[in-house]
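Here is a colleague's note to read with the model open. Keep the structure in view and find each element as it comes up.

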Amino acid sequence: MPSKKLRQFFHRGCCILITLFFFWHAGAVAIYAIPSIVSDPVSVFLRSHASSIVRPYVLLTSQWQQWNLFAPDPLRRVTHYHFQRLDPVRDVWVDIAVFRPGAFLWWKHATRFKILDRVFDLDERDRKTPLQKHFLEKMCREFNLPSSTSVRMLHRYYVIPHIPELTSFSWWRTWQPAWSFMEGTSLSCP
Amino acid sequence: MKKIIDALYRFLFAPIPITGFGLMRIAWAFVVLLFLLFQWSDIALYYSADGIFPQEFSSFHTRSVFRFTLLKWITDPQAIFALYLLHLLTLSCMLVGLHTRLMTIVSVLLLYTFHEGNPLPLGGGDTLLRLIGFLLMLAPRLDAFSLDRLEHQWSQFRRTKTLLPVPTMSIWPWRLLLWQMIILYGTSLWYKSTGTMWADGTAAIAALHHPQFSRIPVSWMDELAPLSPLISAYVLIEHIGWVFLLVPEWITRWFLEPFPRIPLRRCLIGLGLLLHGLIFILMDAGSFSLAIFVAYTGLLLGEDFQWLRQVTRKVSPHKVTVLYDGKCGLCLKSIFFLELLDHLNILRCVNFWNATHKNKYAPDLKIEDLNRAMHVRVFNGKTYKGFDGFRALSWVLPPLWLLTPLLYIPGIPLMGRRMYARIASRRRRCSHKGCNL
């Protein structure tokens, strides 16, 4: 049985270590969570200097976080994803599957749409093309499409306007969305 | 200097009951288990080399450095499914409190493996669950409401007819959890302040009208349009409240003097339950609302549970008397479990063979009747016995509240009474250690 002095020394040491860890962890997650879009001098300084010090710890312990859900503004673009193949006879694009809200079972809905939004993010289209092509290849196999079939992902979307009338019941009753189209990645099925 | 050190020691190492973190452990395991089960048919699709995000594509959506995941080396679909089944097992053990510490650590690390393996499906709720999991791994004690502790509780009860006192732990994990919630709401508020829709009151209705998130037909949301500024303001005020927790109490005390002294944290949890509860009902935001509720359970302190008991006492001030056969081993074990479930401290368990107690609490009941079944006397003096007694008890024992409506389904009471009568007539075959019914 360790002596009383040894136990006190051990207890004091643990308290000091826990105290140091407490302030280190609290500071690290706070610095890492600073919004990436703010530009005040203190935030910029912390993000550019202190962030590099805490980053390894935060990433290794999976404490990374950015709390931008429905922020700065809620998502206003509503996108339907049309997985299409080219009909070689009529030379028109034909829907094979349409991923619109309600397309998935309720317990998969949020997850599947997150994946679609992130893989087919139009703002990062150039960078993510290989990932998008891989996704389309998987869909070729899932839908048993013959080799060399031309397929693409078509983005059909509308944007909820940002106007004061959004708070009016009667405005919503008469409003019709203005649909737009954007062609996404395409490839030939392997 | 000594005063500062003492204050710092109290700030980080004051003892708090482990009840809140024990509940948070159970809630965390339940929510993670639930959302993992939702992915049952998609495990290979999300996490294997044959899926949508094989590791060679990871650089397109996540970092390559400081990233720990077993999925870098385990890529075969069957192996990954085996890992997934292992995760379900560890979460189940964590839920019931079997080898609690080990199962918690393995569950959290496996969660990290899947999250870091493919971040594409992750939302805010998954992030929060990861953060809470880290604190659960570090918490000094997690064994409240656990099977690990049940044996010790039973030994104590057999000797003294009382339960073990609620264990305590140092407060620092709780402070880290509170700090995390302040960061969550504070940085979210910061983000919202850089936009325009939350300030002009249109954010709420725009979010509710997004069909990807809305659980109910968006046309029904039209009715809520005029309330959007109010809802948006409520959200912002709720966020500000959490940041306000950083203001020391000695400052808030002097200008909050005229108002009822309900702790701000408790108010915020209440407001948050309303906000996130409505979000959960109206919108599909993944696991976020449930993750927030998990964090709230961890933020409950002893004074909060005490307050809940006081509120319940005002509603039903009288104790519920349970008369049982103290000579029967099965009955004693049943009373033990009732005492464990009696979180509101509302039960008074009386051994009817003790003449003094029997005459005090149930002078009108005959020994012959008491010997046939457990009797439960409730607030209005009404007495129920057997299965009906158990059903009456389910109203006052919080862990049984989910079971209560089922006990009224036609057919169940009839079966319950027959089963109870059968067990009661054979109960003498049971000792404290075992039963031969």
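This is a predicted model: local features need pLDDT of at least 70, side-chain atom pairs count only at pLDDT 80 or more; totals for chains, interfaces and linings use all residues.

1. Now the overall make-up of chain B. Chain B has 20 helices and 6 strands. Its C-alpha atoms fill a box of roughly 75 × 65 × 60 Å, taken along the principal axes. Of the 437 residues in chain B, 36% are buried.

2. Pick out one residue, B:Asp42. Find B:Asp42 in the loop between helix H2 (19–38) and helix H3 (43–47) of chain B. Is B:Asp42 buried or partly exposed? B:Asp42 has 16 C-beta neighbours inside 10 Å, so it counts as partly exposed. A residue would need 20 or more to be buried, and 12 or fewer to be exposed. Next, look from B:Asp42 to B:Glu368, which is 326 residues away along the chain. The C-alpha atoms of B:Asp42 and B:Glu368 are separated by 60 Å.

3. Move to the sheet of chain B. In which order do its strands lie? The order is E4-E3-E5-E6 in chain B. This is an open sheet of 4 strands, and the pairing is mixed. Strand E4 (347–351) and strand E6 (383–385) of chain B stand at the edges. Each has a single partner strand, so one side of each is left without a neighbour in the sheet. From one strand to the next, the twist averages 20 degrees.

4. Look at one pair in that sheet. Strand E3 (residues 320–324) of chain B pairs with E4(B) in the parallel sense, over 5 bridges. B:Thr321 stands opposite B:Arg348 in E4(B).

5. Two helices to find against this sheet. Helix H16 (residues 329–341) of chain B lies across E3 and E4 of chain B. H16 of chain B runs at about 165 degrees to E4(B). Helix H19 (residues 386–394) of chain B also packs on the sheet. H19 of chain B touches E3, strand E5 (375–377) and E6 of chain B. The direction of H19 of chain B makes about 120 degrees with that of E6(B).

6. Turn to the sheet of chain A. Here 4 strands form an open sheet in the order E2-E1-E3-E4 of chain A, with antiparallel pairing. The edge strands are strand E2 (92–99) and E4 of chain A, and each pairs on one side only. Neighbouring strands are turned by 30 degrees against each other on average, direction ignored.

7. Check the pairs one by one. Strand E1 (residues 77–87) of chain A and strand E3 (residues 150–159) of chain A run antiparallel and are joined by 9 bridges. A:His80 stands opposite A:Arg156 in E3(A). A:His82 has A:Leu154 in E3(A) as its bridge partner. E3(A) is also joined to strand E4 (residues 180–188) of chain A, by 7 bridges, and these two run antiparallel. What is the bridge partner of A:Ser150 in E4(A)? That partner is A:Ser188.

8. Helix H4 (residues 125–142) of chain A lies across E1, E3 and E4 of chain A. H4 of chain A runs at about 75 degrees to E4(A).

9. Now see where the chains meet. The contact takes 59 residues from chain B and 57 residues from chain A. Several helices of chain B each supply at least two residues of the side that touches chain A, among them helix H1 (2–13), helix H5 (100–117) and helix H11 (228–244). H8(B) gives the most to that side, with 11 residues. The residues on the chain B side divide into 33 nonpolar, 18 polar and 8 charged.

10. Finish with a helix pair. The axes of H11(B) and helix H13 (residues 264–282) of chain B come within 10 Å and cross at roughly 150 degrees. Angles over 145 degrees count as roughly antiparallel. H11(B) and H13(B) are therefore roughly antiparallel to each other. Their crossing is left-handed. Residues that meet include B:Tyr234 and B:Trp242 in H11(B), and B:Leu268 and B:Gly272 in H13(B). By class, this contact of H11(B) with H13(B) has 8 nonpolar, 2 polar and 1 charged residues.

Notes
Residues are numbered from 1 along each chain as its sequence is written. Chains are lettered from A and ligands numbered from 1 in the order in which they are written. Two strands pair if DSSP finds at least two bridges between them. Axes are lines fitted to C-alpha atoms, for helices over the stretch in contact, and angles run from 0 to 180 degrees between N-to-C directions. Two residues are in contact if their C-beta atoms, placed from the backbone, lie within 7 Å. Ala, Val, Leu, Ile, Met, Phe, Trp, Tyr, Cys and Pro count as nonpolar, Asp, Glu, Lys and Arg as charged, and the others, Gly among them, as polar. Angles under 35 degrees count as roughly parallel, over 145 as roughly antiparallel, 65 to 115 as roughly perpendicular and the rest as oblique. A crossing is left-handed if the near helix is turned anticlockwise from the far one by less than a right angle, and right-handed if clockwise.
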